[in-house]
Amino acid sequence: MRAVQVQEYGGPEVLRTVETEVPEPGPGQVSVDVAYTGVNFADLKARGEGYRVPSLPFVPGLEVSGRVRALGEGVSGVEVGQEVAALTNGGAYADVVVTDATTVFPLPSGVDLRTAATLPTVLPTAYALVHAVGRLQPGETVLVQGAAGGVGTAVGQLAKAAGASGVFGVVSGAAKAKYALDHGYDDVFVVPSTTDSVQFVDEVRAATGGRGVDLALDPVGGETFRASLASLAVFGRLVSFGNASSAEPWRVGQPELYPTGLSVSGFSILTLAQTAPGALRALTEKAFAAVAEGVVSLPVTAEFPLEEASEAHRLMGGRTSTGKLLLRVA
């Protein structure tokens, strides 16, 4: 079978298509004939700096849609040939991938395989940020970094559906701002570089009459994390769900939190899959239902053949992409 391997860390050019053995599922696992694979920023960090890579060579990819190929011992709830979406712990840039049965989900009615590939990481993450971790209430305001990306696109729609009175986004360019405004955002602030992140604090304060936002969602880390914290209203909440900047891990204590009663939380869907798969499954079922009910949609804005995975990485790494990028496998 074909697989796209990282044999050494570096730029998009290190992604190489190779022929390799078809993996077989072990106990509690499922193998999937892949139709589409989602491209995520975590894939770029894995390729470039070894993020969550156990060893080389490594096949990136965290989410797929396709058909169940084989079942490992003890697996129930899915059948061979059934159309599914799956969250994987790597290995998804391939014709066949093996993953734990707990992260394999039958497709909701009316959801096709192409759409399904956009769901496993982005939708549960967005749903958790708005509801399970962020606990957004009707009438509250929210600030979202990366508003034109996959998670940002879904969060904008989910926040509006949850009754947010103001949904504000931060993006890196004017084209992304226009895209975000079409997907649930009331106002979008353009910050060309993360080194300029402090500039959106004043804009957030102005847009909220000096109050700040009730909830801020940050996948960037570093100075952007600090600026998001400074954008919060009294009793505001900040959820960190990534470190795209590769900055030192954030540290927040009493001096930052006590004066106005702030709180900081974290979320990682990949870690949740390892530590609380039952909670992840319940979260994913709610997120998929929101798609089936038309509450949220995630546009596929670019699609590449599996062999052109490097081009997908170049597009995402250039900070010009919006929505969701896919690899077409089958």
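This report covers helix packing, nonpolar cores, backbone geometry and selected residues in a predicted model.

## Basis of the model

Because the model is predicted, local features need pLDDT of at least 70 and side-chain atom pairs count only at pLDDT 80 or more, while totals for chains, interfaces and linings use all residues. Residues are numbered from 1 along each chain as its sequence is written, and side-chain values use heavy atoms, with hydrogens and water left out.

## Helix α3 and its partner α4

Helix α3 spans residues 122-132 and helix α4 spans residues 150-161. Helices (H or I, at least four residues) and strands (E, at least two) are DSSP runs, numbered from the N terminus. The axes of α3 and α4 come within 9 Å and cross at roughly 45 degrees. Axes are lines fitted to C-alpha atoms, for helices over the stretch in contact, and angles run from 0 to 180 degrees between N-to-C directions. The angle therefore makes α3 oblique to α4. Angles under 35 degrees count as roughly parallel, over 145 as roughly antiparallel, 65 to 115 as roughly perpendicular and the rest as oblique.

The crossing of α3 with α4 is right-handed. A crossing is right-handed if the near helix is turned clockwise from the far one by less than a right angle, and left-handed if anticlockwise. On the α3 side, the contact uses Val-122, Leu-123, Thr-125, Ala-126, Tyr-127, Leu-129 and Val-130. On the α4 side, the residues are Gly-150, Val-151, Ala-154, Val-155, Leu-158 and Ala-159. Contact means heavy atoms within 4.5 Å. By class, this contact has 11 nonpolar, two polar and no charged residues. Ala, Val, Leu, Ile, Met, Phe, Trp, Tyr, Cys and Pro count as nonpolar, Asp, Glu, Lys and Arg as charged, and the others, Gly among them, as polar.

Helix α3 is mostly covered, with nine of its 11 residues buried. Buried means under 20% relative accessible area, exposed over 50%, and partly exposed in between (1.4 Å probe, protein chains only). The buried residues of α3 include Pro-124 and Ala-128.

## Nonpolar cores

A nonpolar core is a set of buried Ala, Val, Leu, Ile, Met, Phe, Trp, Tyr and Cys residues joined through side-chain atoms within 4.5 Å. The largest one has 57 residues. Leu-123, Val-155, Leu-217 and Phe-267 have the most contacts inside it. Helix α3 gives the most to this core, with seven residues. In soluble globular proteins, nonpolar side chains tend to be buried together.

Beyond four places in sequence, Phe-267 touches residues including Thr-125, Ala-128, Leu-129 and Val-133. Its other partners include Val-239, Phe-241, Leu-272 and Leu-283. A second, separate core has 33 residues, among them Val-14, Val-39, Val-78 and Val-104.

Helices α1 (residues 41-49) and α11 (residues 309-317) cross at roughly 105 degrees, with axes that come within 10 Å. That makes α1 roughly perpendicular to α11. Phe-41, Asp-43, Leu-44 and Arg-47 of α1 meet His-313, Met-316 and Gly-317 of α11. This contact has three nonpolar, two polar and two charged residues.

Helices α6 (residues 199-207) and α7 (residues 222-230) pack at about 20 degrees, with their axes 9 Å apart. They are therefore roughly parallel to each other. Their crossing is right-handed. Phe-200, Val-201 and Arg-205 of α6 make the contact with Thr-224, Ala-227, Ser-228 and Ala-230 of α7. The classes are four nonpolar, two polar and one charged.

## Backbone geometry

A cis peptide bond joins Leu-56 and Pro-57, with omega about -5 degrees. Pro-57 is in the loop between α1 and β4 (63-71).

Two non-glycine residues have positive phi. Arg-135, in the loop between α3 and β8 (141-145), has phi near 50 degrees. Ser-246 has phi of about 60 degrees. Ser-246 lies in the loop between β12 and α8 and is partly exposed, with a relative accessible area of 39%.

## Selected residues

Glu-248 lies in the loop between β12 (232-240) and α8 (254-257). At 69% relative accessibility, Glu-248 counts as exposed. Glu-248 and Tyr-9 are 239 residues apart in sequence and 20 Å apart in space, C-alpha to C-alpha.

Ser-310 is part of helix α11 and is buried at 14% relative accessible area. Leaving out residues up to four places away in sequence, Ser-310 touches Pro-12 and Leu-15. Ser-321 sits in the loop between α11 and β15 (324-328). Ser-321 is buried, at 14% relative accessibility.
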